[in-house]
Amino acid sequence: MLTVKELPKEEYLLKGHAACAGCGPAISLRLMLKALGNKIMLVVPACCTTVIQGPYPYTSFAVPLQNVLFESTGAAASGIVAALRQRKCDDVTVVGWAGDGGTVDIGIQALSGAAERGTDFIYICYDNEAYGNTGMQRSGATPYGAWTTTTPTGKRERKKDMALIMAAHRIPYVATACTSYPLDFVNKLRKAKEIRGTKYVHLLAPCPTGWLYDTSKTVEMGRLAVQSGLWVLYEIENGKFKLNSPSDRLIDKDKRKPVKDYFALQGRFRNLAQEDVERVQKWVDEDWGQYRKLVSDSASDLVLYGKI
Amino acid sequence: MTQMTIDTANHLAGYAARAARVKVVAAYPITPQTAVVEKIADFVENKQMDAEYIRVESEHSAMVACISAAAAGVRTFTATSAHGLALMHEALHWASGSRLPIVMAVVNRAMGAPWSIWPDLSDSLSQRDTGWIQFYCADNQEVFDTIIQAYKLCEDERVFLPAMVCLEGFILSHTYAPARVPNQEEIDAFLPEYKAGWILDVNHPSSHANLVSPEWYMEFRYMIQEAMENAKQLIPKIDKDYGKRFGHEYGGLIEKYKCEDADLIMLTMGTMGSDAKLAVDKLRKEGRKVGSARVRVYRPFPVEEVTKLAEHARMLATIDRHISFGMEGFLASEAKASLFKLKGRPLFASFIAGLGGRDVTAETIEKMARKSLKSMGTGKIEREIEWVDLRE
């Protein structure tokens, strides 16, 4: 396990990039590049990172990056992996870095295909829970009750559980992460890098522009998401489910902060009715019943979806 | 040694991909393209072809995987038809905009609704403006030869564009005909190893296809137009060189048949070009000065050749296996545009025929030619756009 002091000094996300102040994805992007190093090829579909990298003839990346079509990250990675194999180039890691819309909505087909084919790459979905690049429209990853520009009175449907959808592909490694827990994220990526096959990391990345909170509060926002149990840090390695710190200490309800604390700090939940808050709290508590079961199943050596 | 075979155009497309030493194939099955990719799958799994075959989950992903494999420095191939091609549309722009020399066999099939699996050219012609070079073949041998020629052309640094090699479904795709497959050493001598124009490289990191402001975008488009013009110069040379080595050549951009002294020239694309020759022979026997010209390369369009063709003819008649609804067939439109500079333009007739696989035989073409000869006599065209063999 890497400590803060051991984080590489090299910077592959260069100064002068065009992310918003307080951008959660940009913080994690920098760490992702530190974790994986510069022997990677990055595939980026239409998303905030299209803007973060800056316009031609500039770029804020010190690694090779191919911009690809919105729905195509999984397929684009597959092409690079195949070409590298033909070129007998086995020391380069192919990485897909896509937003939540590009992953859970328009990109789910290409991603599912790549995973089903066992494509050897790491896919990271940085999830700010809306189409941020186009001005915060609702996505399949937007949570219940959240304001977006296309759900002006709040979204009426629940967030899609993409990590478990990916686990159902029986890939060797699925993990969740959050911008506010950088070492957890970095260590998961370093583990993923050593595993052959498709690796999926779903990163909750707070977004002051879309979530409507002060730009200095990004880390706090991610921490509250995890501490309230709304976002859960875990990994599923060869089908074996494991909660990670600090989520592993939150199985008991009284250890978790109430979800209303998380909602109270964000403008996007301003219009949430009391009954909505209660509804979400109930869902979170129910979900944790499932996590508790997964943990005890994994402890008794039962694994999700059998042997992979 | 050159190998003689009797095979379908679909299989020959597979043979051509192997002969070109393609390294990555990404494809999704669709009728009538399937036998192309089945052949390649067979080659790859039986170790007769050293390539990766990515069995993608859609045509969109097929094109995207080819784009990124080419970006990672290898020669790529795919094949599709009709709705598969339409699904690729967005990625076709991305391929040409990225200046990647992908070659794709398009097995022409009509577009739905309603469903049709039979041929016309509306699928590939709908992709006219995507920045792809487009070849149209008249027989099985030409399919093999053109795929090899296409790599030579597309990988030329003056071009660096992708190309479609189009062949009509069933008429060619599933029809067995004799063909010659040259030996590998000769192909290798004609088509050297792929040298990429740009490549994703960890030692020289850069961002590809990132956001371009209005200050730069137009120049990138102009360079594609220049590349198309370069392709126009190179295609006849490549075709001639290929002909010298392997014994088959196709007239470069346009294949002319008995056009020198012709009063009437029938202008076609694809397999209708073969049938048109038979119709010409029959009418010639009657002393009618008829010729046939087949547009082999539709993008870049051979404007100069068509203009030259019409200089001495009294009449030009186009046959389109395609309709641009609300206008006419593309071949008609573009042939007419090519005549604009001529003083004393020839009479012009345009026929729509063979949509959705309706049979167009030498007799059908003869009928059109006779109708055109009649118009030439009276100096009047009965109908601007004539739909051939339409039910009453």
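Two strands pair if DSSP finds at least two bridges between them. The views below show a predicted model, and this rule is needed from the first one on.

**View 1. Strand 2 and strand 4 of chain B pair in parallel.** Strand 2 covers residues 24-26 of chain B and strand 4 covers residues 76-80. Two bridges join them, so they count as paired under the rule of at least two bridges. B:Val24 stands opposite B:Thr76 in strand 4 of chain B. Strands of a sheet pair through backbone hydrogen bonds, either parallel or antiparallel.

**View 2. Seven strands of chain B form an open sheet.** The order of the strands is 3-2-4-5-7-6-13, and the pairing is mixed. At the edges are strand 3 (52-54) and strand 13 (297-299) of chain B, each of which pairs on one side only. On average, neighbouring strands of this sheet are turned by 20 degrees against each other, direction ignored. Helix 6 (residues 140-154) of chain B lies across strand 5 (103-108), strand 6 and strand 7 of chain B. Relative to strand 7 of chain B, helix 6 runs at about 170 degrees.

**View 3. An open sheet of six strands in chain B.** Here the order is 10-12-11-14-15-16, again with mixed pairing. Which strands stand at the edges? They are strand 10 (254-257) and strand 16 (385-387) of chain B. Each has a single partner strand, so one side of each is left without a neighbour in the sheet. Neighbouring strands of this sheet are turned by 20 degrees against each other on average, direction ignored. Strand 10 of chain B is joined to strand 12 (residues 290-295) of chain B by four bridges, and the two run antiparallel. Within this pair, B:Tyr257 has B:Ser292 of strand 12 as its bridge partner.

**View 4. Helix 10 and helix 11 of chain B pack against each other.** Two packed helices are described by the angle between their axes and the distance between the axes. For helix 10 (residues 303-311) and helix 11 (residues 330-339) of chain B, the angle is about 70 degrees and the axes are 8 Å apart. That angle makes helix 10 of chain B roughly perpendicular to helix 11 of chain B. Helix 10 contributes B:Val303, B:Val306, B:Thr307 and B:Ala310 to the contact, while helix 11 contributes B:Ala335, B:Ser338 and B:Leu339. By class, this contact has five nonpolar, two polar and no charged residues. Helix 11 of chain B also lies across strand 11 (264-268), strand 12, strand 14 (315-320) and strand 15 (347-352) of chain B. Its direction is at about 150 degrees to strand 14 of chain B.

View 5. Chain B is divided into domain 1 (3-246) and domain 2 (255-387). Their C-alpha centres lie 28 Å apart.

**View 6. Chain A touches chain B.** In this view, 35 residues of chain A are in contact with 37 residues of chain B. The elements that give two or more residues to the chain A side are strand 1 (40-44), strand 2 (65-67), helix 3 (73-86) and helix 5 (108-116) of chain A. Helix 3 of chain A supplies the largest share of that side, 10 residues. The chain A side is made up of 19 nonpolar, 12 polar and four charged residues. Two bridges also join strand 2 of chain A to strand 9 (residues 207-208) of chain B, and these strands run parallel. The bridge partner of A:Leu65 in strand 9 of chain B is B:Ser207.

**View 7. Loop residues with particular backbone angles.** Most residues other than glycine have a negative phi, and most peptide bonds are trans. The bond from A:Tyr56 to A:Pro57 is cis, with omega near 5 degrees, and A:Pro57 is in the loop between helix 2 (48-52) and strand 2 of chain A. B:Arg299 and B:Pro300 are also joined by a cis peptide bond, with omega about -5 degrees. B:Pro300 lies in the loop between strand 13 and helix 10 of chain B. B:Arg21 has a positive phi, near 55 degrees, and its place is in the loop between helix 1 (9-19) and strand 2 of chain B.

Definitions and conventions:
Residues are numbered from 1 along each chain as its sequence is written. Chains are lettered from A and ligands numbered from 1 in the order in which they are written. This is a predicted model: local features need pLDDT of at least 70, side-chain atom pairs count only at pLDDT 80 or more; totals for chains, interfaces and linings use all residues. Two residues are in contact if their C-beta atoms, placed from the backbone, lie within 7 Å. Ala, Val, Leu, Ile, Met, Phe, Trp, Tyr, Cys and Pro count as nonpolar, Asp, Glu, Lys and Arg as charged, and the others, Gly among them, as polar. Domain bounds come from an automatic or database domain assignment. Axes are lines fitted to C-alpha atoms, for helices over the stretch in contact, and angles run from 0 to 180 degrees between N-to-C directions. Angles under 35 degrees count as roughly parallel, over 145 as roughly antiparallel, 65 to 115 as roughly perpendicular and the rest as oblique.
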